[in-house]
Amino acid sequence: MTSNTHAAAKAADLNRLMGARSVAIVGASDNKASIGGQPVTFLTEFGYEGKVYPINPRLKEIRGVACYASIMDLPEAPDVAIVAVNSKLVAGVIEQCGKKGIPFAIILSSGFKEIGAEGLRLELELKEVVAQSGVRVVGPNCLGIINLTNRMHAGFGSGFQYNDITRGPVAMITQSGGFGLTMVTAIERAGMGFNYIVSIGNSLDLNTLDFLEYYLERPEVKVVTTFIEGIADGERLTRIGQRALEVGKPILVWKVGNTSTGLKAAASHTASLAASYDLYKTAFRAGGFIEIADANDVVDIARVFRMGKLPAGNRLAMVTGSGGAGVLVADRADATGITMPDLEPDTLSKLKAILPGFASAANPVDISGQTSKDGTSVSNNALRLVLADPNIDMVIIRSKQSTNTQAQMQEYMDIVRATPKPVMIAFGPDRDDEAKGVFDQNEIPWHVTPPRAARAAAALNEFATRRRKYLAANKNEARPDLGQSAKQELKLPAGEATLSEYAAKAVLKAYGIPVVGEANLSLEDILALKEAPFPFPLAVKINSADIPHKTEAGGVKLGIASLEELKAAAQTVTKNALAYKPGAKLEGVLVQQMASGLEVIVGGLNDACFGPTVLFGLGGIFAEVLKDVTYRFAPFGIEAAREMVQEIKGAVVMNGYRGKEALDVEGLAQVLSRVSWLLHDHRERIAEMDINPLFMTSKTITAADALITLKP
């Protein structure tokens with residue numbers, strides 16, 4: 001979790017960049033259309049009150065502003081240098097910025113890793129110079145930064161040319177400058193304003209995560225949105241998501257490059273690092289991220305979060321003049337985890353008293369188009385009654401609010417302000433534009449259609465639910481009871497290696513994970529046996545770190561029913577193993593009790609981006625074909641493990657189905673938590689692990705096989 005101290009430090013780091021009082025433009029031009037000319041125009045004509053220092057040795061001035069021959073000739077060290085020169089010259093410019101004491105640079109220049117090998121060489125050279133200079137860098141290959149609070153348009157491109165972008169409580173960070181700015185334009189035209197917009201380009205130094213951290217701490221920012229292709233530090237992304245829950249600000253994330261085709265496109269576009277989308281989704285679910293897939297999502301969701309109210313639960317009511325709109329919202333609610341409960345009998349009675357006889361008082365409440373009764377607004381009166389119902393946490397109302405009925409509109413806004421429950425209005429694209437403006441000024445959320453209001457309600461519920469759980473949970477989730485609380489010391493071989501099954505199970509046992517009864521015997525010992533070490537039936541497996549996939553090598557025999565079969569099987573698996581991999585080191589033959597029950601798989605990987613991660617799903621074809629699996633980042637406690645179990649579709653089988661006995665779900669949760677602590681404690685050594693299959697019965701959990709791969 002990001003601490004308050006760390007978050008404040010990061011915020012202070014970027015204050016001088018975002019609130020720059022002076023800006024130099026290296027490569028400034030008097031051509032308004034050029035990359036070096038546009039920032040000069042924007043900073044001198046759009047209301048920016050800071051000092052502007054164009055740098056071009058061939059010009060004396062640009063539009064009445066004195067030009068300087070070089071950075072070293074500047075009368076002071078500005079807060080920010082905008083760099084718009086040939087890529088081969090950029091490193092030298094940054095070196096001069098460092099000598100002058102300029103703390104930040106925005107590198108608009110392209111021609112780096114995005115173009116291939118030669119560009120990558122230049123970028124690596126630039127990275128060294130940046131590290132030595134002490135200059136913090138945005139870019140290269142970016143469009144720049146807009147701070148609408150001080151009218152600083154420090155960049156270029158069509159999105160920067162608008163001097164009338166609506167100001168609002170939304171900050172945007174985009175890895176795709178062109179698309180990101182197009183998205184900003186669409187969102188702004190729909191009535192939602194911004195205060196900060198950042199195009200980060202190749203992220204040689206400052207990156208998406210730096211700006212996410214910064215904007216979460218800014219009081220004027222209520223919603224952060226980001227367009228990302230890849231993140232290099234998934235663990236930090238997860239911590240930032242948790243910080244978003246702490247401060248109560250959502251991060252609307254549009255993640256692209258999630259398919260094999262998309263990943264290839266992302267790599268060729270900005271050479272972004274990409275991890276499995278499953279792990280991104282896991283990070284999003286663990287924090288205050290809400291995934292979006294359209295500019296309209298930003299508009300609708302930002303509007304409801306701007307009002308600063310979160311629902312206490314997932315119970316939604318609707319007041320509408322159209323039965324069809326109620327059905328639409330009910331369908332959307334059901335698909336997103338929102339319920340539309342029955343209203344209290346007292347509420348129903350009061351509603352029937354104000355509604356016409358042909359109306360419906362049930363949820364969704366259908367007032368059947370009646371707008372007024374006895375000179376009062378029927379929809380407003382119905383809204384009051386529904387909001388007072390203890391069964392309801394939030395309301396969508398479909399109402400014809402208009403400045404033509406100013407008193408009723410003011411009454412509606414007073415109702416919305418007075419309640420702690422979120423209220424969303426859907427009143428159509430053809431409704432009073434003036435009314436929409438009044439709502440925006442008063443931060444009253446409105447939506448073009450009922451389904452879009454329902455999407456916003458779902459986002460509110462999603463964020464509020466996660467926040468409640470996060471704040472209620474023990475931030476340092478305890479280890480499961482192992483009989484001891486400290487990290488367990490393991491005898492692991494040095495260097496990169498794969499453990500034999502017997503050695504892997506010894507690791508599991510050290511963390512209290514139950515394994516099948518087994519004996520690791522030499523072939524000679526087995527041939528000399530007078531009786532089996534366990535009751536029949538038994539399993540026989542070759543035990544060798546050199547043969548991790550025993551079945552492929554013919555190294556497994558199941559269902560052994562007699563001592564003679566046991567001895568013959570031991571000889572067979574030994575012979576097969578040596579034929580499969582001559583020279584393999586055989587550590588013995590495993591004689592195991594046969595386990596039975598429902599097969600599940602528990603896996604672990606130390607992902608390069610997201611760190612130690614636990615995978616869980618049904619075993620066999622269910623994991624491989626149906627991909628009914630879920631993930632959690634290690635470590636986690638029992639409650640998180642319980643939630644993990646219930647996330648897969650196969651949970652219905654484990655919980656007892658059609659009268660069948662429920663399986664030991666609690667024991668499974670214990671195993672998942674213990675695996676998470678094992679991975680966490682030994683992240684420096686364990687690269688991957690599989691417990692497959694893990695058998696579940698109503699009373700037992702048993703690991704029948706295990707594989708652990710170590711890092712160098």
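## Confidence and ground rules

This is a predicted model, and the chain averages a pLDDT of 90, with 92% of the residues scoring at least 70; pLDDT is the predictor's confidence in each residue, from 0 to 100. Over residues 1-12 the pLDDT is below 50, and that stretch has 22 contacts in the model beyond near neighbours in sequence (contact means heavy atoms within 4.5 Å). Residues 261-274 also stay under 50, and there the model has 24 contacts beyond four places in sequence.

Residues are numbered from 1 along each chain as its sequence is written, and side-chain values use heavy atoms, with hydrogens and water left out. Since the model is predicted, local features need pLDDT of at least 70 and side-chain atom pairs count only at pLDDT 80 or more, while totals for chains, interfaces and linings use all residues.

## The chain as a whole

You're looking at 23 helices and 32 strands; these are DSSP runs numbered from the N terminus, with helices being H or I of at least four residues and strands E of at least two. The C-alpha trace spans about 100 × 80 × 40 Å along its principal axes.

Of the 712 residues, 55% count as buried (under 20% relative accessible area; exposed is over 50% and partly exposed in between, with a 1.4 Å probe and protein chains only). The chain exposes about 29600 Å², and carbon and sulfur atoms supply 52% of that; areas come from the Shrake-Rupley method with a 1.4 Å probe, and for residues only the protein chains shown count as cover. Take the contacts with a separation of 6 or more: residues 24 or more positions apart account for 71% of them.

## Aromatic pairs

A search of the whole structure finds 14 aromatic pairs. To pair, rings of Phe, Tyr and Trp (its six-membered ring) need centres within 6.5 Å; planes under 30 degrees apart are stacked, over 60 edge-to-face, and the rest tilted. Y280 and F284 make a tilted pair, 6.2 Å centre to centre with 45 degrees between the planes. They sit about one helical turn apart because they are four residues apart in helix α9 (residues 277-286), and both are buried.

F305 and F463 go edge-to-face instead, at 5.4 Å centre to centre and 85 degrees between the planes. F305 lies in helix α10 (residues 295-306) and F463 in helix α16 (residues 450-472), so this pair ties together parts 158 residues apart in sequence. Both F305 and F463 are buried.

## A ring cluster and two charges over rings

Ring pairs also link Y280, F284, F289, F610 and F633 into a cluster. Elsewhere, R303 lies over the face of W446, at 3.8 Å from the ring centre. To count, NZ of Lys or CZ of Arg must be within 6 Å of the ring centre and within 35 degrees of the ring normal.

## Helix α21 and its buried side

In α21 (residues 638-647), the buried residues are I638, A640, A641, M644 and V645. They cover an arc of only 155 degrees around the axis, so they end up on the same side of α21; the arc is taken from the directions from the helix axis to the C-beta atoms. What they pack against is β28 (611-618), β29 (629-633), α22 (651-654) and α23 (665-681).

## L710 in strand β32

L710 belongs to strand β32 (residues 706-710) and is buried, with a relative accessible area of 1%. Leaving out residues up to four places away in sequence, L710 touches L492, P493, G495, E496, A497, L499, R685, I686 and A687.
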